[in-house]
Amino acid sequence: ITSYLTTSMKCPYNPEENWFMVSLFRPIPRVMITAAHEIFHIHFHKKFWSDMKKQLTDKQIHYIKESLTVLLNLEFKDLWILEDKGYQEHEELRKYIAKEWEKERNFEKLLEKCTNWINQHQNLI
């Protein structure tokens with residue numbers, strides 16, 4: 001996976017071409033979080049997206065993908081001083097993910113739980 005610098009505050013990624021961008025104008029701790037966040041997304045696309053498309057829409061999968069970045073806070077908190085804040089619209093699922101992850105650290109089961117959660121909370125998406 002290759003990382004590129006950008007002068008934009010937006011940091012896109014491309015899972016097909018294995019690259020992401022980090023902003024030249026962000027402090028190093030924020031760049032570290034951005035890098036982890038985007039690498040997480042790239043791996044999620046490669047490993048889980050196509051299987052999830054059998055049950056969910058792209059919009060629903062995107063919602064789960066963005067919400068799952070809360071795991072970076074739980075599993076890598078000793079690596080940085082900042083948190084992956086995510087987006088406000090995903091806050092409810094992020095809280096659910098954090099609670100379920102503490103009960104059982106099994107990513108495949110967590111994806112199943114997220115799929116069920118999405119199906120039960122269609123009004124939020």
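What span should the 25 residues of helix α1 (residues 28–52) have at 1.5 Å a residue, and how far apart are its end C-alpha atoms?

1. This is a predicted model, in which local features need pLDDT of at least 70, side-chain atom pairs count only at pLDDT 80 or more, and totals for chains, interfaces and linings use all residues. Residues are numbered from 1 along each chain as its sequence is written, and side-chain values use heavy atoms, leaving out hydrogens and water.

2. Helix α1 should span 36 Å, and its end C-alpha atoms lie 34 Å apart, which agrees. Helices here are DSSP runs of H or I with at least four residues, numbered from the N terminus; the expected span is 1.5 Å times one less than the number of residues.

3. Asparagine 73 lies in helix α3 (residues 70–75). Its relative accessibility is 12%, so asparagine 73 counts as buried (buried means under 20% relative accessible area, exposed over 50%, partly exposed in between, with a 1.4 Å probe and protein chains only).

4. The structure holds nine salt bridges (a side-chain nitrogen of Lys or Arg within 4 Å of a carboxyl oxygen of Asp or Glu). One of them joins aspartate 84 to arginine 94, with the closest N and O atoms 3.5 Å apart. This pair links distant parts of the chain, ten residues apart: aspartate 84 is in the loop between α3 and α4 (91–103), and arginine 94 is in helix α4. Aspartate 84 is buried at 4%, and arginine 94 is buried at 4%.

5. Aspartate 58 pairs with lysine 53 in a salt bridge, the closest N and O atoms being 2.7 Å apart. Aspartate 58 is partly exposed at 37%, and lysine 53 is partly exposed at 43%.

Conventions. Helix = DSSP H or I, 4+ residues; strand = E, 2+ residues; numbered from the N terminus.
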